[in-house]
Amino acid sequence: VLNFMIKDIAFVAYPVTDMARARKFYEGILGLTPSEEFGGGENGHWVEYNIGAGTLSLGVMDGWKPSADGASVSFEVDDFDKTIEKLKAENIIFALEPQSFPSCKMAIVKDPDGSGIIIHKKA
């Protein structure tokens, strides 16, 4: 047994292949505001977005490649239907069309590198 306890998720990180294209999606379409930015040169480029108590990080780094089969982040939204309407108007690809469950509504969209983003609204 290890003598430490996991207290929280520090951040979720997604590799991206083109930071400008990724920022257009995450900032322009999803409306996120960057909180930190590092690098941009040959050692990679990193942008962070503080969202509630968590942080989403995007990075371009040698050897770190996006995967449609990798982890995904789930964004809690205030108005699920309005968010879905906006994403469809922007012709965003849906990996899972909007679904309703007793505890929530959710859909999965793809970012420009094919990584999954869960759009979520607790019931």
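**Note on the predicted chain**

1. The chain carries 12 positive and 18 negative charges, and their mean positions lie 5 Å apart. Keep in mind that this is a predicted model.

2. Negative patch. Glu 76, Asp 78, Asp 79 and Glu 85 form a patch of negative charge on the surface. One of them, Asp 79, sits in the loop that links β5 (73–76) to α2 (80–89). Its relative accessible area is 36%. Asp 79 is therefore partly exposed, since that class runs between the 20% limit for buried and the 50% limit for exposed.

3. Fold. The chain has 2 helices and 8 strands. Their order along the sequence is β-α-β-β-β-β-α-β-β-β. The C-alpha trace spans about 45 × 45 × 25 Å along its principal axes.

4. Contacts across the sequence. Take the contacts between residues at least 6 apart in sequence. Of these, 49% join residues at least 24 apart.

5. Burial and surface. The chain has 123 residues, and 34% of them count as buried. Its accessible surface comes to about 7900 Å². Carbon and sulfur atoms account for 53% of that surface.

6. A loop residue under cover. Is Ser 115 buried or exposed? Ser 115 belongs to the loop between β7 (104–110) and β8 (116–122). Its relative accessibility is 4%, so Ser 115 counts as buried. The cut-off for that class is under 20%. Beyond its neighbours within four places in sequence, Ser 115 is in contact with Tyr 14, Pro 66, Ser 67, Val 109 and Lys 110.

7. A loop residue in the open. Asn 91 lies in the loop between α2 and β6 (94–100). Its relative accessible area is 67%, so Asn 91 is exposed. The limit for that class is over 50%. The backbone deserves a look here. Asn 91 is not a glycine, yet its phi is positive, at about 60°.

8. Ser 115 is buried at 4%. Asp 79 is partly exposed at 36%. Asn 91 is exposed at 67%.

Terms used
Residues are numbered from 1 along each chain as its sequence is written. This is a predicted model: local features need pLDDT of at least 70, side-chain atom pairs count only at pLDDT 80 or more; totals for chains, interfaces and linings use all residues. Side-chain values use heavy atoms; hydrogens and water are left out. Helices (H or I, at least four residues) and strands (E, at least two) are DSSP runs, numbered from the N terminus. Buried means under 20% relative accessible area, exposed over 50%, partly exposed in between (1.4 Å probe, protein chains only). Contact means heavy atoms within 4.5 Å. Accessible areas come from the Shrake-Rupley method with a 1.4 Å probe; for residues, only the protein chains shown count as cover. Lys and Arg count as positive and Asp and Glu as negative; His and the chain ends are not counted. The place of a charge is taken as NZ of Lys, CZ of Arg, CG of Asp or CD of Glu. Patches are made of residues with over 30% relative accessible area and no salt bridge: like charges are joined within 9 Å, nonpolar side chains (Val, Leu, Ile, Met, Phe, Trp, Tyr) within 5 Å. A salt bridge is a side-chain nitrogen of Lys or Arg within 4 Å of a carboxyl oxygen of Asp or Glu.
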